Every structure is written in structure tokens, then in C-alpha cells.
Amino acid sequence: MLAQRANLFSSSGTAAARAAAKAAADAGMEIIDLTAGEIWSNLAPVIRDGAIEAINKGINRYTETIGTMELREELARKISLDTDQIWKAEEIAVTSGAKQALFNAAMVLLNPGDAVIIPAPYWTTFPAQVLIAGGTPVFVDTRTSGYVPRVVDIKAAVTDRTRAIVINTPNNPTGAVYDVPTLRGIADLAVKRNLWIIFDECYGDFVHGHHTHHPIASIVPEVRSRTLIVNGFSKSLALTGWRIGYLAGPKEVINAVKAFQSHTTSNPNVIAQHAVLAHLQRGDGAYESKLRSQLASARQMGLDVLSSLTRVPVPKAAGGFYFYLDLSRLLQSVSGNGGRTTADDIVDSLLSEAGVAAVSGTTFGDPTGLRLSYGIPPVRLRIGLSRLVQVLNAWR
Ligand code: PLP
């Protein structure tokens with residue numbers, strides 16, 4: 001009935017985990033949902049004002065396909081500050097969330113059979129989009145190097161078919177933040193082997209402890225002409241539902257994206273564009289600071305609770321707003337089942353025994369991992385993590 005293409009993907013694993021949590025809640029269970037890829041927060045005041053002003057002005061028409069010139073100019077200013085380089089509006093496309101920016105990139109860059117290197121564990125949409133675009137995802141395991149890929153491993157995965165490398169730092173799901181030598185090594189490799197870099201920095205505003213987020217093109221300027229920056233406001237402004245993201249890269253790529261987007265969604269929502277424009281023009285940074293300190297204290301409290309885990313190391317949680325647990329020791333310690341227990345079983349137990357919803361690492365290509373979001377209200381976070389610690393410590 002369906003096209004063969006429909007067999008290449010299924011609904012994202014994180015969406016499935018959210019659905020399982022909701023089904024349990026609908027069945028009357030009291031669920032603490034740690035699956036969300038978004039932050040619990042009120043709307044930023046300038047976003048609200050910008051949207052209301054646009055509505056009051058009666059703004060209701062299509063805009064340029066890849067966003068209004070005013071917004072793209074403001075974004076160019078933002079990216080210039082982020083990267084310490086000069087960016088122009090013609091190098092930027094506004095998209096309906098960063099997800100569309102990634103999809104646009106895959107569709108205009110990949111030929112059938114092109115390989116794309118993706119460090120694993122990975123955000124599930126990366127390989128799904130590569131497959132839809134006719135490419136082949138090639139995974140590089142990062143589990144033995146603190147979830148930051150070794151440059152030698154990436155190098156070993158490059159073949160004549162390799163077209164691009166996806167870099168997502170800070171990383172979803174692992175929270176890893178890539179260090180300068182790693183980024184430099186990857187950039188040098190891309191230059192040498194003529195590869196594209198898809199640089200997803202959606203969590204770039206959230207780095208913790210001594211970690212710093214580095215845009216790859218600021219570290220190795222020669223890589224800029226082969227880098228596509230993917231970012232948006234879903235995470236940095238807790239604005240997931242408004243669907244504003246962007247893609248920044250060489251003008252030729254942006255022109256192709258413009259043509260492609262003109263046949264798919266046309267412009268992103270006009271009111272959301274005006275709201276984000278108002279934020280870029282008038283935001284004073286207070287909202288972002290509040291969000292960052294909210295996450296910093298949630299992270300600290302969560303790490304304190306998780307430090308009671310007996311067979312699971314306390315996660316590093318260097319960036320983003322996820323705790324990524326390495327369950328391999330816990331799973332190994334379970335005897336008598338032929339080693340078949342995976343994170344999926346743990347997720348099922350957490351839901352049924354503790355009323356805690358989490359995302360299994362299987363979703364991210366890692367059957368020994370578990371992702372917990374700490375973007376939820378602190379009281380619920382503490383209860384959820386405490387219950388989780390009890391279940392995992394008692395797991396036999
Ligand atoms: N990139 C990464 C790594 C993500 O985790 C997400 C969302 O979870 C996105 C991109 C997409 O974000 P959005 O489309 O909401 O901007």
C-alpha cells in the first residue's frame with residue numbers, strides 16, 4: 001500500500017516514549033515524565049509581545065520562502081557574534097524548526113548512496129533523514145571515549161562514498177560537549193577529504209561546569225565553506241511549539257534550500273518569525289539567563305540524587321538538559337538471562353514499578369543507555385529521580 005520509502009523510518013523513539021508515558025497516565029498512573037526534549041518554562045516576554053504586536057498589525061501573509069529579510073539580517077548578526085566571523089542574510093535560511101533545516105540540508109546535499117558519518121549514540125532524526133534523502137548513515141561508536149568521537153575513528157569510517165559528517169554538540173542524547181582538539185581534527189579531516197559538516201548546535205546555550213561550546217567554523221575558519229550550521233529557538237528560548245530554526249552556510253546551498261523549501265512548506269509561521277525578530281532586536285538576555293540558571297540548579301540537584309546509584313556511574317551531563325546513564329555495568333550484573341536484557345527492559349520497569357518515563361538508549365543506537373530530561377519542575381524531578389534510583393539499585 002505504501003511506498004518503499006515509508007519502510008525507511010518509523011515514528012521517532014522519543015515520541016513513542018512520550019506516548020507510552022501518556023498512555024500510562026491516561027490509565028490512571030501517576031507518571032513523572034523525564035522523556036521531554038523541551039524545557040518547562042513560561043514564554044519569554046519579548047516573544048509574547050512580538051507575536052501580539054504582529055497580530056495587532058494584521059500581519060497574515062506569506063513571507064519570503066526562507067524568512068523575512070529583517071529576520072535573516074538579525075540572524076546574520078547573531079551568527080556573526082557567535083562565530084566571530086561576518087555572516088550575511090544571503091547565507092541564512094529560516095526554517096520551521098531546526099528539524100527542517102536538517103532535512104533541507106540532507107535533501108540538497110545527498111546523492112543516492114552517499115554515506116553520512118554520525119557519531120553514536122545519536123539523535124534519531126539524523127539517520128532517519130539521511131535514509132529518506134537516499135543516503136546511508138554510517139555510525140561511529142563514542143561509548144568508550146566519553147561520548148566524544150575519536151578523530152581516528154571518524155577517519156577510519158571515511159570512504160570514497162562519504163559525503164558528510166554530522167556533528168551535534170552539545171549532544172542529544174549524551175550531553176557530551178566536543179572539545180577543541182576533537183573539533184579541529186574533524187574540521188581538518190573534512191577539508192582534506194572534501195566533506196560537508198552538518199553542525200547542529202541547538203543546545204549550544206546550555207553548557208555546564210568548565211565546558212564551553214565552540215562553533216566549529218570559529219576554530220578552523222577554512223571549514224566554513226563546507227559547514228552548514230543548524231540551530232533554532234526551540235531549546236534556547238524554550239519555544240518548541242513555535243517552530244523557528246535556521247540553517248546557515250554557503251550561498252549556493254541556501255539558494256538550493258530556498259527552492260526546495262518553496263515546494264515543501266514555504267515560509268515558517270509569520271507570527272513566530274515576528275516574535276523571534278522582536279526577541280533578537282529587543283531581548284536583554286534576562287530570560288536566557290533565567291533559563292540557564294534554572295537548568296543549572298536542576299542539573300546539580302539531579303546529580304546529587306543520581307550519586308546514590310550503586311551500579312551506574314553518575315553522568316557527566318556536560319551540556320544540554322539530559323542525564324545520559326550508562327547502564328552497561330548494571331545490565332552485565334543481571335545474571336541468568338543470557339545477556340539479553342537491554343535498556344528497553346529497564347524503561348519498562350521504570351514505567352510500571354516507579355511511574356517514571358525515560359527514553360531507552362535503543363532509540364539512539366545504544367541498547368545500554370538511558371536518557372532522562374531534567375527540563376521539568378524541580379519537585380517532580382527530585383521525586384522521579386529518587387524513584388528511579390530505588391528501582392535501579394534494586395534491579396536483579
Ligand atoms: N537537533 C537536535 C540535536 C535536537 O535534539 C532537536 C530536537 O530535539 C532538533 C535538532 C530539532 O529541534 P526543532 O526542530 O524543535 O528546532
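This report covers the domains, ligand surroundings, salt bridges and backbone geometry of a predicted model.

## Domain layout

The chain splits into two domains. Domain 1 is built from two segments, 4-42 and 286-394. Domain 2 covers 60-282. Taken over C-alpha atoms, the centres of domain 1 and domain 2 are 26 Å apart. Domain 1 brings 31 residues to the contact, and domain 2 brings 27 residues.

## The interface between the domains

The size of an interface is often given as the accessible area lost when the parts come together. Here domain 1 and domain 2 bury about 2500 Å² between them. Carbon and sulfur atoms account for 61% of that area. On the domain 1 side, Ala318, Tyr324 and Phe364 lose the most area to domain 2. Together these three residues make up 21% of what that side buries.

What polar links cross the interface of domain 1 and domain 2? There are 14 residue pairs in polar contact. The salt bridge count between domain 1 and domain 2 is one. Two elements, helix 11 (286-306) and strand 9 (322-326), each supply at least two residues of the domain 1 side that touches domain 2. Helix 11 gives the most to that side, with six residues. By class, the domain 1 side has 14 nonpolar, eight polar and nine charged residues.

## Salt bridges

Side chains of opposite charge can pair when their charged atoms come close. In this model the count comes to 13 salt bridges. One of the pairs is Asp366 with Arg143. Their closest N and O atoms are 2.8 Å apart.

Glu74 and Arg77 form another salt bridge, with the closest N and O atoms 3.0 Å apart. Where do Glu74 and Arg77 lie? Both are in helix 3 (residues 69-83). They sit three residues apart, about one turn of the helix.

## Around the ligand

Which residues surround the ligand? The set includes Gly97, Ala98 and Lys99, along with Trp123, Asn168 and Asn172. It also includes Asp200, Cys202, Tyr203, Ser234, Lys235 and Arg243.

Three of these residues can be described by atom distances to the ligand. Ala98 uses its backbone: a polar backbone atom is 2.7 Å from an oxygen atom of the ligand. Asp200 uses its side chain, where a polar atom lies 2.5 Å from a nitrogen atom of the ligand. Lys235 also uses its side chain. An N or O atom there is 2.7 Å from an oxygen atom of the ligand.

## Backbone geometry

Most residues other than glycine have a negative phi, and most peptide bonds are trans. Several sites here depart from that pattern. The peptide bond from Ala120 to Pro121 is cis, with omega near 0°. Pro121 is in the loop between strand 3 (115-120) and helix 5 (125-132).

The bond from Asn172 to Pro173 is cis as well, with omega near 20°. Asn172 is also one of the residues surrounding the ligand. Pro173 falls in the loop between strand 5 (162-168) and helix 7 (180-193).

Is phi positive or negative at Ala238? It is positive, about 50°, although Ala238 is not a glycine. This residue is found in the loop between strand 7 (227-232) and strand 8 (245-248).

Methods. Residues are numbered from 1 along each chain as its sequence is written. This is a predicted model: local features need pLDDT of at least 70, side-chain atom pairs count only at pLDDT 80 or more; totals for chains, interfaces and linings use all residues. Side-chain values use heavy atoms; hydrogens and water are left out. Domain bounds come from an automatic or database domain assignment. Contact means heavy atoms within 4.5 Å. Buried area is the accessible area (1.4 Å probe) that two parts lose on being put together, summed over both. A salt bridge is a side-chain nitrogen of Lys or Arg within 4 Å of a carboxyl oxygen of Asp or Glu. A polar contact is a pair of N or O atoms within 3.5 Å; within protein, one must be able to donate a hydrogen and the other to accept it, and residues adjacent in sequence count only if both atoms are side-chain atoms. Helices (H or I, at least four residues) and strands (E, at least two) are DSSP runs, numbered from the N terminus. Ala, Val, Leu, Ile, Met, Phe, Trp, Tyr, Cys and Pro count as nonpolar, Asp, Glu, Lys and Arg as charged, and the others, Gly among them, as polar. A residue is near a molecule or strand if one of its heavy atoms lies within 4 Å of it.
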